Amino acid sequence: MTRCAVFGTGSWGTAFAMVLADAGCEVTLWGRRPGVVEAINTGRTNPDYFPGVRLPDGVRATTDPAEAADGAEFTVFSVPSQTLRGNLSDWAPLLADDTVLVSLMKGVELGTAKRMSEVVQEVAKAPAERVAVLTGPNLAKEIAARQPAAAVVACPDESVARRLQTACHTAYFRPYTNTDVVGCELGGAVKNVIALAVGIADGMGLGDNTKASLITRGLAETTRLGLAMGADAHTFAGLAGMGDLVATCSSPLSRNHTFGTNLGRGMTLEETIAVTKQTAEGVKSCESVLDLARRYDVDMPITETVVGIVHDGKQPLVALKELMSRSAKAERH
Ligand SMILES: NC(=O)c1ccc[n+]([C@@H]2O[C@H](COP(=O)([O-])OP(=O)(O)OC[C@H]3O[C@@H](n4cnc5c(N)ncnc54)[C@H](O)[C@@H]3O)[C@@H](O)[C@H]2O)c1
Ligand SMILES: O=P(O)(O)OC[C@H](O)CO
């Protein structure tokens, strides 16, 4: 039986552990909080994230990272993007040389502007061919309810992507393979920033034309950045790009969307952070995405607007007027 370790007992770590177990894997979840680990092992549920959802028998949990990592063919990371480097520094010595390292995270590291697979490679000293990412329109609550969804597993070594595809393929979860890791990761990280923008617009009471325009132009700026970084344009028309934008920008389940809505309704940043119980990656990653845009000399006006509202205290109405008064352009430039 395929053994998997999943580091992180939050929303997505727990839901993806269920997917792996439903696909026939034996999964050990690592969690830092003993109460959650105990509830998983004895109550067969994660009460903090999915109360009432019974976890498959193939999932157990531990607070011991060595126990989680032991014998894992796939080692999956699902902690906040900004803590990964610190967490992985502790775990790296425990990981087998041949385990496939899988990132579920949709963020870009502040300061270094590195994608999560780059952080994993660097800290675990693993070659790119042993590092994979999983992304796409996968709101954890819907996956935990076993509603049908598709995803992308990306790795430069397609045979590794295929192995991971097999390990997480169930009747309700359909993973596709891709070798464009850069495009897949950027799609996942930038859609969180665009979801903040759409949420802000929703909170301001704006309608579907505004939403569709932000999604479409958001995809245009994501694609521009991706092409500058060597990604394949097709990736952005797929599940990691358009697919995840549609899910995240339209769902009230999205933490990024909800965060933006609260800001658009007039909450301050501090008030919004205080009511946000889970990880809204775009709040920090909007700054690192803008950092990437500047490094690659790419124009990303929506991302810039989000940074202005979230971090520079710009009023949404003022920011929106500035965005709309930019010079007229050709749709493709
Ligand atoms: N929730 C979703 O629907 C979903 C879907 C796809 C991808 N993702 C991505 O998965 C990643 C994880 O998100 P999530 O939804 O599971 O977040 P979450 O907030 O639900 O869970 C995060 C987990 O990390 C733990 N954690 C927090 N700080 C930590 C630290 N300093 N050290 C170690 N552990 C720490 C928390 O206790 C929690 O168990 C994010 O990058 C997110 O973008 C989430
Ligand atoms: O809740 P969000 O905003 O982190 O989005 C969750 C997933 O990334 C959707 O695919």
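Predicted model: local features only at pLDDT ≥ 70, side-chain atom pairs only at ≥ 80, totals over all residues.
The domain assignment divides the chain into domain 1, residues 3-179, and domain 2, residues 182-324. A distance of 24 Å separates the C-alpha centres of domain 1 and domain 2. Contact between the two involves 26 residues of domain 1 and 28 residues of domain 2. On the domain 1 side, at least two residues each are supplied by the helix α5 (116-124) and by the strands β6 (131-135), β7 (149-154) and β8 (173-178). Of the elements on this side, β7 makes the greatest contribution, with 4 residues. In composition, the side of domain 1 that touches domain 2 holds 13 nonpolar residues, together with 9 polar and 4 charged ones.

Because domain 1 (3-179) and domain 2 (182-324) each give residues to the shell around ligand 1, the ligand lies between them. The shell comprises 23 residues, of which G10, S11, M105, A140 and T279 come nearest to ligand 1. Helix α1, spanning residues 11-22, gives the most to this shell, contributing 3 residues. By class, the shell around ligand 1 contains 13 polar residues, 7 nonpolar residues and 3 charged residues.

Conventions
Residues numbered from 1 in each chain as written. Chains lettered and ligands numbered in written order. Domains from an automatic or database assignment. Contact = placed C-beta atoms within 7 Å. Nonpolar A, V, L, I, M, F, W, Y, C, P; charged D, E, K, R; others polar. Near = placed C-beta within 6 Å.
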